Amino acid sequence: MVKLKYDIEGGNFNRAGNASSQVKRVLKQLNIDQRLIKKIVVALYEAEVNIVAHAYEGTMEINISPEKIDMILQDKGPGISNVEQAMQEGFSTASQKVREMGFGAGMGLPNIKKNTDLMEIETSVGVGTTLRMTKYLNNVE
Amino acid sequence: MKVSELIEKLGLTAFTGAVGVEREIAGGYTSDLLSDVMGNAKEGNVWITLQNHMNVIAIASLKELACIILVKGITPAPEIIEKAIAEEIPVLGSNENTFNLNGKIYALLN
């Protein structure tokens with residue numbers, strides 16, 4: 001079992017993607033199937049950007065076993081008041097500044113769902129959000 | 001086609017010099033929405049955009065895109081060029097608008 005953990009800084013777009021990029025490097029070293037790495041990277045990056053765009057701080061935890069990769073992104077932040085709405089393509093609460101950078105198109109959570117096998121959101125308004133994602137390693141389409 | 005040939009044929013500005021110009025191009029993707037590129041661009045694509053900040057480099061690197069082409073004479077800031085060089089992502093520039101540039105690249109690649 002390989003375990004990784006990274007801190008994510010809220011609001012710092014210059015560093016957004018750094019944690020995902022480090023995980024990608026490790027997955028390549030572990031010789032995980034390229035097609036799976038591509039999907040995992042999309043989901044991780046979107047989740048990382050969500051923390052940067054919406055939360056104060058957070059962490060990315062990765063547990064890699066021969067069967068699957070579990071990814072847990074936990075943040076201290078505003079939480080999500082309506083998860084069902086947040087999951088809809090096109091819905092976003094991102095600020096104008098974030099949208100001008102080309103984020104906040106409401107495609108992040110749908111991208112995560114498309115690229116993972118399991119996805120679960122636990123959130124508390126005013127406290128924070130935990131996103132759990134799983135990718136099975138024997139499930140290459 | 002290699003990135004270097006695209007630079008030569010279209011007279012593009014290479015902000016990152018010779019970095020990554022030997023990369024082989026496999027099609028392209030045009031979008032200014034970062035999640036759209038993240039979700040739909042493919043490895044080896046040319047990415048045509050007017051977005052000009054650090055996250056563009058991060059996405060191009062994560063997706064292993066062939067290069068980024070900034071339209072309408074947009075010039076990236078020195079720190080963006082620096083990051084692109086570190087990530088070995090060619091950042092190119094064109095004075096054309098997105099529509100015209102798309103057409104020319106499409107014709108060259110197909």
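Begin by selecting Glu64(B), which is partly exposed at a relative accessible area of 23%; here buried means under 20% relative accessible area, exposed over 50%, and partly exposed in between (1.4 Å probe, protein chains only). This is a predicted model, in which local features need pLDDT of at least 70, side-chain atom pairs count only at pLDDT 80 or more, and totals for chains, interfaces and linings use all residues. Residues are numbered from 1 along each chain as its sequence is written, chains are lettered from A and ligands numbered from 1 in the order in which they are written, and side-chain values use heavy atoms, with hydrogens and water left out.

Glu64(B) sits in the loop between helix H3 (54-62) and strand E4 (67-70) of chain B, where helices (H or I, at least four residues) and strands (E, at least two) are DSSP runs numbered from the N terminus. Although Glu64(B) is not a glycine, its phi is positive, at about 55°.

**The interface**

The elements of chain A that give two or more residues to the side touching chain B are helix H1 (18-29), helix H2 (34-54) and helix H5 (108-115). The contact (heavy atoms within 4.5 Å) takes 22 residues from chain A and 19 residues from chain B. Together the two chains bury about 1,600 Å², 53% of it on carbon and sulfur atoms; buried area is the accessible area (1.4 Å probe) that two parts lose on being put together, summed over both. Select Tyr45(A), Met101(A) and Met107(A), which supply 27% of the area that chain A buries against chain B, more than any other three residues.

**The sheet of chain B**

Next, show the strands of chain B, where an open sheet of five strands has the order E1-E5-E4-E3-E2, with mixed pairing; two strands pair if DSSP finds at least two bridges between them. Strand E1 (13-14) and strand E2 (28-30) of chain B stand at the edges with a single partner strand each, so one side of each has no neighbour in the sheet. E2(B) runs parallel to strand E3 (residues 46-49) of chain B, and three bridges join them; within E3(B), Ile48(B) is the residue opposite Thr30(B). Colour E3(B) by face: Val46(B) and Ile48(B) lie on one side, Trp47(B) and Thr49(B) on the other, and all are buried.

**Two loops to finish**

Step back to Asn45(B), in the loop between helix H2 (34-40) and E3 of chain B, which counts as buried at 5% relative accessibility. A polar atom of the Asn45(B) side chain lies 2.6 Å from the backbone oxygen of Ala26(B). Leaving aside residues up to four places away in sequence, Asn45(B) touches several others, including Gly27(B), Tyr29(B) and Leu65(B).

End at Glu88(B), in the loop between helix H4 (78-86) and strand E5 (91-93) of chain B, whose phi is near 55°, a positive value in a residue other than glycine.

Notes
A polar contact is a pair of N or O atoms within 3.5 Å; within protein, one must be able to donate a hydrogen and the other to accept it, and residues adjacent in sequence count only if both atoms are side-chain atoms.
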